[in-house]
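Subject: Structure handover

Hello,

Please find the structure below. My notes on it follow.

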Amino acid sequence: MAIEIFNTQNRRKQEFIPLKGSKVGMYVCGVTVYDMCHIGHARSMIVFDVIARYLRHKGYDLTYVRNFTDVDDKIIARANKEGVSYKALSEKYIHEFYTDMGYLGIEKADVEPKASEHIPQIIDMVKALMDKSYAYEANGSVYFSVERFKGYGKLSGRKIDDMIAGARVEVDNSKRNPLDFALWKKSKPGEPWWDSPWSRGRPGWHIECSVMSTHYLGPTLDIHGGGKDLIFPHHENEIAQSEATYDVPFVRYWIHNGFVTINNDKMSKSLGNFLTIRELSKEAHPEVLRLLLLSRHYRSPIDFSMDTIKDARAGLTRFYEMLLRVHNVPKNATKPRLSGIVSGFREKLDEAMSDDFNTARAIAHIHELTTEVNKLLDARPEVAQADVETIESAMGEVRDILGIMKEDPVKFLESMKHRGLDEIGIDLAELEDLIRQREQARKVKDFKKADSIRDELKARGIALKDTPDGTLWERI
RNA sequence: GGCGGCAUAGCCAAGUGGUAAGGCGACGGUCUGCAAAACCGUUAUUCACCGGUUCGAAUCCGGUUGCCGCCUCCA
């Protein structure tokens, strides 16, 4: 099934046709490494991780490039404040980034370039823009002239005149037009610098992405992604720089993900509603976070709360319990029972994902699959040996595309239980003792005592279930 | 002020012209000592509001209201 992608450029879904057959080049704006990553970064990384996984699953030969911005005003400011070099600071947070990505199960990109390691290429591109009169020098800095680039504003749907009329453009006397942006910044004392024809300075923010993307993927990218907030000015400026330099379309498909909000507000430090991935890793299993962040379409805002975590946890538990059930049921069936259900599921999964990476619909299909399998096993609790492989292969597909269902069901369900136990402050030995007491009471039909133990545990957040194999517990 | 987005049941949420997916919750049932889990059934004649186009609209167009984002660093 052909993939359709919603292209920010024209706000329509379009069939995905790469420039060079099955070879696909995708560039995603990574992070500026001056602080810990938050849940908003997690969403963006997960969204593009899933897009990369799906493209590969569909057989595309993908080259995925995701950069680190490791020289920039915020990094320098923070490094100076902490009395360390910009390099030491950025390296520290790159390390933290990898820790978080590892936790979330996000695959590495094929190339992860750093701005500071591409200074010669950046200088070359600035030179080229100077030569073509798209850029000018002023006081040792170099600016891009937005008026010289005829398509300026085409991605974000803005007009230069309208923006100048707006009250919030910065005033900078060295610029010819307030919207012009720095390609090269002359460094102040105490800031990192590199020699250039214009000054000892450092690159502007936007130029690094134009340089590194084309350096690794060529002048036209199939896909360029990032958060919605990057549409203007960052991506608009990238288009201007790149198309002015190479005279070919910069990007075929622009993909932008929506924000994560908390109580419907964008996360920001000033609002104090900032949740880091590190903090969350104590609260939630990584697959729960992935499921939560993939449960809404990537372009919509997603609101984050303890309730939505709980929903995601319940959903994931349901999937693993179904999987475990298939494993545990007798393998006596003479004919496979799950093949029809599973092949239907795989088709629907592909249909959902090919429709602009609709992970929300894909997840709904996993729920439907779960219901159908449970129904079948309720009617007759047995499968054929082949059914185990069938369900495993379907879950393997889910794992490859969405990055969930990677764990052994027994281990997952156990870890969820124990994670919950710590949170509500119940000691495992105490719990097991209470369960034993209740078993004894039930044996002698002292249901009053049995029920009171169950009620007590329920009040403390533990639900018991009696099965033919004994009493099981789980957190409510 | 300019540009853009969103408004679907108690909650989360899919759905861009063909007669409202999925999950959570709630209620009834099967099962159970009773429960839980699982399964079955019920839970939006209707998609913020008002007009219009159409044989037909949650979906397209115009307007109104509310919320949000971008225009300054931002995933």
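Predicted model: local features only at pLDDT ≥ 70, side-chain atom pairs only at ≥ 80, totals over all residues.

Let me start with the lining of the largest cavity, whose residues divide into seven nonpolar, two polar and one charged. The largest cavity holds about 50 Å³ of space. Its lining consists of Val 47, Val 50, Ile 51, Leu 293, Leu 294, Arg 296, His 297, Tyr 298, Phe 357 and Thr 359. Helices α1 and α9 each supply at least two of the lining residues. The top contributor is α1, with three residues.

**Overall layout**

Chain A has 476 residues, and 53% of them are buried. Its secondary structure comes to 16 helices and 15 strands. The C-alpha trace spans about 90 × 50 × 35 Å along its principal axes. Take the contacts in chain A with a separation of 6 or more: 76% of them join residues 24 or more positions apart.

The chain is divided into three parts: domain 1 (4–266), domain 2 (305–407) and domain 3 (425–475). The centres of domain 1 and domain 2, taken over C-alpha atoms, are 39 Å apart. Twelve residues from domain 1 and 14 residues from domain 2 make the contact.

**Helix α12**

Does the length of α12 agree or disagree with its residue count? Helix α12 covers residues 359–379, which is 21 residues. At 1.5 Å a residue it should span 30 Å. The C-alpha atoms at its ends are 30 Å apart, so the two values agree.

Its buried residues are Thr 359, Ala 362, Ile 363, His 365, Ile 366, Leu 369, Thr 370, Val 373, Asn 374 and Leu 377. An α-helix has 3.6 residues a turn, so residues three or four places apart point the same way.

What do the buried residues of α12 pack against? Their partners are α1 (39–57), α9 (286–294), α10 (306–328), α11 (339–354) and α13 (385–402). Two of these partners, α1 and α9, also supply residues to the cavity lining. Thr 359 is both a buried residue of α12 and part of that lining.

**The second largest pocket**

About 810 Å³ of space lies in this pocket. It is lined by 23 residues, and the closest to its centre are Glu 321, Leu 413, Lys 465, Leu 472 and Glu 474. Elements giving two or more residues to the lining are α10, α14 (409–424), β14 (462–467) and β15 (470–475). Helix α10 gives the most, with eight residues. By type, the lining has ten nonpolar, three polar and ten charged residues. At least three residues come from each of domain 2 (305–407) and domain 3 (425–475).

**Backbone points to check**

- The peptide bond from Phe 232 to Pro 233 is cis, with omega near 0 degrees. Pro 233 is found in helix α7 (residues 231–246).
- Asp 247 has a positive phi, near 60 degrees, and is not a glycine. Asp 247 is in the loop between α7 and β10 (251–257).
- Asp 356 also has a positive phi, near 55 degrees. Asp 356 is in the loop between α11 and α12.

Are these two Asp residues buried or exposed, and why? Asp 247 counts as exposed because its relative accessibility is 56%, and the cut-off for exposed is over 50%. Asp 356 has a relative accessibility of 0%, so it counts as buried, for which the limit is under 20%.

**One more residue**

Ala 77 is placed in helix α2 (residues 73–82). At 48% relative accessibility, Ala 77 counts as partly exposed. Ala 77 and Met 36 are 41 residues apart in sequence. In space, the two are 16 Å apart, C-alpha to C-alpha.

Best wishes

Conventions. Residues numbered from 1 in each chain as written. Chains lettered and ligands numbered in written order. Heavy atoms only, no water. Helix = DSSP H or I, 4+ residues; strand = E, 2+ residues; numbered from the N terminus. Expected span 1.5 Å × (residues − 1). Buried < 20%, exposed > 50% of the residue type's maximum accessible area, 1.4 Å probe, protein only. Contact = heavy atoms within 4.5 Å. 1 Å grid on protein atoms, 1.4 Å probe; cavity = no way out; pocket = protein on both sides within 12 Å on 5 of 7 lines; lining within 4 Å. Points joined across faces, edges and corners; volume = space filled by probe spheres on them. Nonpolar A, V, L, I, M, F, W, Y, C, P; charged D, E, K, R; others polar. Domains from an automatic or database assignment.
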